[in-house]
Amino acid sequence: QVQLVESGGGLVQPGGSLRLSCVAQGFWFTCVMMRWYRQSPGKERELVASISTTGVTGYVDSVKGRFTISRDNARNTLYLHMRSLKPEDTAVYSCFAMTFNLWGQGTQVTVSS
């Protein structure tokens, strides 16, 4: 079955850290560019970070220096390491596989004291 399975969301205090994971199943993960998106209630979906098949990364300005996207091709897994989290980072985070237009189910991240 072709799918993306996410985990790692939760409630964290401002300034805290979280790591999101996205496991790819049923396709050749190594050859696919991957992205993380997020969406907050009442807002448009936002591209947060992307990583190419060769490891080239890109970030939206609001997360530069705080978030790191990475991939482990041996484990078919995409990661998003988030630190210095802010309340405005609160959203549902979803991974996306470019070639297949395939979305994960989304995981909630809530930053609140």
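Tyrosine 37 and phenylalanine 96 are both buried (under 20% relative accessible area, with exposed meaning over 50% and partly exposed in between; 1.4 Å probe, protein chains only). The model is predicted: local features need pLDDT of at least 70, side-chain atom pairs count only at pLDDT 80 or more, and totals for chains, interfaces and linings use all residues. Residues are numbered from 1 along each chain as its sequence is written, and side-chain values use heavy atoms, leaving out hydrogens and water.

**Aromatic rings**
- Four aromatic pairs are found in the whole structure (Phe, Tyr or six-membered Trp rings with centres within 6.5 Å; planes under 30 degrees apart are stacked, over 60 edge-to-face, the rest tilted).
- One of them is edge-to-face and joins tyrosine 37 to phenylalanine 96, at 5.9 Å centre to centre and 90° between the planes.
- Phenylalanine 96, with a relative accessible area of 7%, also pairs with tryptophan 103; the centres are 4.5 Å apart and the planes at 45°, so this pair is tilted.

**Charges over rings**
- Arginine 45 lies over the face of tryptophan 103, 4.0 Å from the ring centre (NZ of Lys or CZ of Arg within 6 Å of the centre and within 35 degrees of the ring normal).
- Tryptophan 103 is partly exposed, at 32% relative accessible area.
- The charged end of arginine 71 sits over the ring of phenylalanine 29, 4.4 Å from its centre.

**Glutamine 1**
- Glutamine 1 is exposed, with a relative accessible area of 76%.
- The C-alpha atoms of glutamine 1 and glutamine 25 are 6.7 Å apart, although 24 residues separate them in sequence.
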